[in-house]
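This report covers a ligand site and the aromatic ring pairs of one structure. The sequence and the structure come first.

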Amino acid sequence: MIAAAEHEHPPIPEIKCIGVVGAGQMGAGIAQVAAQSGFDVQMLDVNQERLDAALAHIKRGFSRLVQRDALSEADAAHALERIQTGLDYAIFHDCELVVEAASENEQLKRKIFESVVAAVKPDALIATNTSSISVTRLAAATDRPERFIGMHFMNPVPRMQLIEIIRGIATQEDTYQAIKQVAEKMGKVSVTAEDFPAFIVNRILLPMVNEAVYTLLEGVGNVESIDTAMKLGANHPMGPLELADFIGLDTCLAIMQVLYEGLNDSKYRPCPLLAKYVEAGWLGRKTKRGFYDYRGEVPVPTR
Ligand code: NAD
């Protein structure tokens, strides 16, 4: 019965062009990897400067790969040519898949999906790179929950191997299979996570980061001792506060809020010191200040 019902839907188109909403650290990384994997890319943001900065960042990424002999100069040039940018949703007209990677804010994402739906073909797939928000709820903000899915890339996208794939309650099997194939074509390994707040990686990782900020707030250690302790004592490649700066403190806070509210458990309460850094606009590496100050040659702890 289910198979018969699924046949009534038009088939999933072959994915050749991928739209990306948001040209921040994740959007730029997704665009880079998609173009390098042979997809055409249309990247959109609300401001041109972000798009220019993302393109410059991608160019530097390709140059590094060429220097390391991981990519030929010709392939890098072709990949770069495949990336187009724009401020108008009309750029998504020919995309078979649009991946949303704008800021972690549900209201903002809902508005974006309204615009995406109005711009893309009826059979196009829509994915969200949300770190924590319910895929089912975001899907319900579109006209095609069966063609909507969570595609959670890791930061930095070109270097991290994993993509978490999250099905909403209505996501169809052929949508899931098509996204798995896109992940494979991008050279990534995918794991499937159920649609619960923050999925797998961030459900485990972010409470640790949040606890590190409590450890700092309570004076158990300072920035340096906490990061050194976790690097040398737990063999983590990065300390938790360094990692928080890398992720973005606004994103960390938003994920903790989703965990706290979504699971109704006080063990996920966001640390007030994390909130204070966000209120100060100290969002980590992307604003050059967070638990470390990145304005000089070497990062200096801010506490
Ligand atoms: P970021 O702050 O670097 O970039 C967000 C981008 O979205 C900015 O360029 C901003 O101009 C743009 N934007 C804001 N409103 C927009 C709108 N209405 N339309 C189009 N663009 C808009 O953030 P990021 O770290 O790239 O995170 C983006 C998404 O990826 C979030 O949902 C986040 O949770 C998720 N994510 C982040 C990480 C991480 O480690 N940072 C990892 C996985 C997933």
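## Aromatic pairs

Rings of Phe, Tyr and Trp, the last by its six-membered ring, count as a pair if their centres lie within 6.5 Å. Planes over 60 degrees apart make a pair edge-to-face. The model examined here is predicted. Searching the whole structure gives five aromatic pairs.

One of the five joins Tyr89 and Phe92, with 5.8 Å centre to centre and 75° between the planes. Because 75° is over the 60 degree limit, this pair is classed as edge-to-face. Phe92 has a relative accessible area of 0%. Since buried means under 20%, Phe92 is buried.

## The ring cluster

Tyr277 and Trp282 also form an edge-to-face pair, 5.8 Å centre to centre with 70° between the planes. Through ring pairs, Tyr277, Trp282 and Phe291 are linked into a cluster.

Are Tyr277 and Trp282 buried or partly exposed? Tyr277 has a relative accessible area of 5% and is therefore buried, the limit being under 20%. Trp282 is at 26% relative accessibility, so this residue counts as partly exposed, a class that lies between 20% and 50%.

## Composition of the ligand shell

How many residues surround the ligand? The shell holds 27 residues, and the closest are Asp45, Glu104, Lys109, Ser131 and Ile247. By type, the shell divides into twelve nonpolar, ten polar and five charged residues.

Both domain 1 (2-193) and domain 2 (202-289) take part, each with at least three residues in the shell. Among the secondary structure elements, α2 (25-36), α5 (106-119) and β6 (148-153) each contribute at least two residues. The element that gives the most is α5, with three residues.

For Gln25, a polar backbone atom lies 3.1 Å from an oxygen atom of the ligand. For Gly24, the distance between a backbone N or O atom and a ligand oxygen atom is 3.4 Å.

Notes: Residues numbered from 1 in each chain as written. Predicted model: local features only at pLDDT ≥ 70, side-chain atom pairs only at ≥ 80, totals over all residues. Heavy atoms only, no water. Near = heavy atom within 4 Å. Polar contact = N/O pair within 3.5 Å; in protein donor to acceptor, adjacent residues only side chain to side chain. Helix = DSSP H or I, 4+ residues; strand = E, 2+ residues; numbered from the N terminus. Nonpolar A, V, L, I, M, F, W, Y, C, P; charged D, E, K, R; others polar. Domains from an automatic or database assignment. Phe/Tyr/Trp six-rings, centres within 6.5 Å; stacked < 30°, edge-to-face > 60°. Buried < 20%, exposed > 50% of the residue type's maximum accessible area, 1.4 Å probe, protein only.
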